[in-house]
Amino acid sequence: MKAPQSCAIRSTCPYCGVGCGVLLSPDREGGLDVRGDKSHPANFGRLCSKGTALGETVSLDGRLLAPRVHGEETDWDSALDLVARRFSETIAAHGPDSVAFYVSGQLLTEDYYVANKLMKGFIGSANIDTNSRLCMASTVAGHKRAFGTDTVPGTYEDLDEADLIVLTGSNLAWCHPVLYQRILATRKKRPEQKLVVIDPRRTASCDLADLHLPVKPGSDVALFNGLLAEIARRGLIDATFATNVSGLEEAIASARADDLSVTGLSDDTLSEFYDLWCTTEKVVTIFSQGVNQSSSGTDKVNAITNCHLATGRIGRPGLGPFSVTGQPNAMGGREVGGLANMLACHLDIENVDHRKAVGDFWSAPVMPEQAGLKAVDMFRAVGEGRIKALWVLHTNPAVSMPDADKVREAIAGCEFVVVSDITGATDTARLAHVLLPATGWGEKSGTVTNSDRIISRQRIVLPAPGEARPDWWQLAEVGRLMGYGAAFDYESPAEIFREYAALSGIAGGFGKDFDISGLKDLTDAEYDALEPTRWPVSDGKQGGRFFADGRFFTPDGKGRMLPVSWKPPVAKLEPRYPFRLNTGRVRDQWHTMTRTARAPRLNAHLGEPFIEIHPDDAAAKGIGPTALVEITSPHGKAILRAMITDRIAPGEIFAPMHWTGENAPAARIDALVAPVIDPVSGQPESKASVAGIAPF
Ligand code: SF4
């Protein structure tokens, strides 16, 4: 039964980084009526198919309702005592770096804050990493190199004002649908706004594009270097803005040296794109996983930012580089220090002053002096027995990590594994010694930050089922039981948020971008009623764009252009593995499907795992329409249904990453992905593995 909209509770969608506001009204059968929140600045009432179907995903089927130790139900005290004791014993015997947390962009900022504080300030290790490492770590590294901080310069309003939008490595139509709808709505009002899509596949985002550039996988650096060289050739360097930039000549020299033929694009196509970019002042370049998930992801980000810095196309309405994040709170995780190489509030672990300031604020007994293990290295350390106690929160690395079979084996062999989740039926949860039931979306309260730097509230609208408890509470209890006392004596997410906001004032004092100290004195009621708020929020700083004044967060205050050069994907094609394997999302599923697979209408979109193969390749291999195909790589194999389509180029194949050992044991595509990483960001190259195909 639909409740009147006036009774609805305002919250935020738990899926992608668009961060849409939703209005939630519980019905009388334990379900939810879900509508878009017209007052939320991220979506103005729009929702995509996943958001619209949220009400179908809140049943308690398959929910983990009580703590379990070795498969047996137990009470919270026994489970948490065991977790605290095993972590303390491991640290005492093997040191703080023998334990690790692997967390998630599904966590709320308050959960993330407590996990980060416990690991970095009290356990004394930086071995906390997040599945956001698989999502946008290359953007973080690229932003830090270019701007001095991990700063998203622009806002969603820039998409409305741009005259040219370039989507690169982003199937926005499927992966951030409401942003794509926003662009389409603008193009209806202003048909002169142009859309260019750069993607090896002809995705749904290309359907209404003015130009599609089907680049060879991994060639983005060469493409944007070609653009920078063209900018220089045409004399379009912004001489005034260039006084705010360092590295200009070196970057241009590198750009000129790159070979554009590696893009696989014709001279005419390149000219058309370069001409459009160079002759349009208001350009927003949106990038996502196709840029980030690469062994040269950081260089790709900098190749893009180089073009914007060279032309001063940054910090003003309707222009700038724009990273869109995959997860609902990937940004919050970046801000709060969820990555192994960051401190909270964009402060740096390696900086002794930053470490001391955070340590003093927390009254921390110990702070790590160097970065911890990033995701791929973390699970390698688990497999080698160097990590002996692991706590995984709200993510499923046994499916989603590259070389997933090996990661599953590593977790299975770990001495002590704790999993906090809403279900015990994931590939990872089944390997846990201790399972802790967590509250899920709709049952928990806190904040998330979207791609646009807007902090929004997730609010409670459903009762916590069974014994489920919030993640911040679980982490704080373990912190207390490990002897860290008052530092984890939290009563509510509001209290955690106030502490976090106060800490951000210290970051502001170091000249960092992330400062929400204007929110540090919120009362519980004000926190509860917090409107969507774009950071920074402090005295004299309020939302808006960064870098309008030409000042950056680097030591000399200048934006940095980086000399970058194209490098091929690390995995080499060979006769046994002649296909380039790309992985990604489909429109109506999310991550490893623990939530979206509950909604029949979402399963109806693409109901089973598949592999896209070009018709010529299918014919050459004797693979007919809908036939089963065996895909092999040096790391594993999978069996998927053939989808024969010329949306994919010859020599390339694409498979979605959602299906798991739980719902399709033969379709764990990340088992085939090489554990190759970007050397700067540590992000895996999930879009350019090698594989062979044959009829099954
Ligand atoms: Fe949710 Fe993203 Fe869809 Fe918005 S676009 S409704 S945040 S999945």
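Helices (H or I, at least four residues) and strands (E, at least two) are taken here as DSSP runs, numbered from the N terminus. Helix α9, spanning residues 239-242, contains Phe 241. The model is predicted: local features require pLDDT of at least 70, side-chain atom pairs count only at pLDDT 80 or more, and totals for chains, interfaces and linings use all residues. Residue numbers run from 1 along each chain as its sequence is written.

**Surroundings of Phe 241**

Phe 241 has 19 C-beta neighbours inside 10 Å and therefore counts as partly exposed. The class lies between buried (20 or more other C-beta atoms within 10 Å of the residue's own) and exposed (12 or fewer), with C-beta atoms placed from the backbone. When residues up to four places away in sequence are left out, Phe 241 touches Gly 312 and Gly 550; contact requires C-beta atoms, placed from the backbone, to lie within 7 Å. Thr 311 stands 70 residues from Phe 241 in sequence, with 7.4 Å between their C-alpha atoms.

**Domains**

An automatic or database domain assignment supplies the domain bounds, and the protein chain is divided as follows.

| Domain | Residues |
|---|---|
| domain 1 | 5-57 |
| domain 2 | 68-133 + 345-500 |
| domain 3 | 137-324 |
| domain 4 | 579-695 |

Taken over C-alpha atoms, the centres of domain 2 and domain 3 are 35 Å apart. Their contact draws six residues from domain 2 and eight residues from domain 3. On the domain 2 side, these residues comprise no nonpolar, three polar and three charged. In this classification Ala, Val, Leu, Ile, Met, Phe, Trp, Tyr, Cys and Pro are nonpolar, Asp, Glu, Lys and Arg are charged, and the others, Gly among them, are polar.

**Ligand shell**

Because domain 1 and domain 3 both give residues to the shell around the ligand, it lies between them. Of the 14 residues around the ligand, Cys 13, Tyr 15, Cys 20, Cys 48 and Gly 51 come nearest; a residue is near if its C-beta atom, placed from the backbone, lies within 6 Å. Helices α1 (49-52) and α7 (177-189) each contribute at least two residues to the shell. Its composition by class is nine nonpolar, four polar and one charged.

**The seven-stranded sheet**

Seven strands form an open sheet of mixed pairing in the order β5-β4-β16-β15-β14-β6-β7. At its edges are β5 (72-73) and β7 (128-130), each of which pairs on one side only. Pairing requires that DSSP find at least two bridges between two strands. Strand β4 (residues 68-69) is antiparallel to strand β16 (residues 434-437), and two bridges join them. Arg 68 lies opposite Leu 435 of β16.

Conventions:
Two residues are in contact if their C-beta atoms, placed from the backbone, lie within 7 Å.
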